[in-house]
Amino acid sequence: MEPIKIILVDDLSFMRDAIRQILENSNMSVLGEAENGMEAVKMYMELKPDIVLMDITMPVMDGLESLKRIRQYDPGAKVIMCSALGQQKYIIKAIQFGARDFILKPFLSERILSAVSKAAGINDK
Ligand SMILES: [Mg+2]
């Protein structure tokens, strides 16, 4: 089976590193990393990943706006929001914009892996 292809979006490089390690240890493929929502939209169009893991609070363009734009471009896009504790207020908006899941940081690696596998197995395109 081909590995699940993912792009990671977070303004903090240590957070991207941590998530990349979790994914690569489980034979998932990280196609690219973006540090803001604008880069993420461009990267999505170029790389066509299976899954996007997206932070919310970022400079230039936040994760909710980026989620909205990615879903406008590809209504089947599978985006998992991954955000800090205290940002639960964004969950409803994220779901309205079509997010597949909402993971609160700090997270367990099992939570990331199960969300990615579950989202990758669902196909509503
Ligand atoms: Mg952030």
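**A close look at helix α5**

Tutor: Happy to! The buried residues of α5 pack against β1, α1, β3, β4 and β5 (101-105); contact here means that C-beta atoms, placed from the backbone, lie within 7 Å. Helices (H or I, at least four residues) and strands (E, at least two) are DSSP runs, numbered from the N terminus. This is a predicted model, where local features need pLDDT of at least 70, side-chain atom pairs count only at pLDDT 80 or more, and totals for chains, interfaces and linings use all residues. Residues are numbered from 1 along each chain as its sequence is written.

Helix α5 covers residues 109-121, and its end C-alpha atoms are 18 Å apart, which agrees with the 18 Å that 13 residues should span at 1.5 Å a residue (the expected span is 1.5 Å times one less than the number of residues). I112, A115, V116 and A119 are buried in α5, that is, 20 or more other C-beta atoms lie within 10 Å of their own, while exposed means 12 or fewer and partly exposed lies in between.

In strand β1 (residues 5-9), 4 of the 5 residues are buried. β1 runs parallel to β3 (residues 51-54), joined by 4 bridges; strands pair if DSSP finds at least two bridges between them. In β3, V52 is the bridge partner of I7.

Methods
Contact = placed C-beta atoms within 7 Å.
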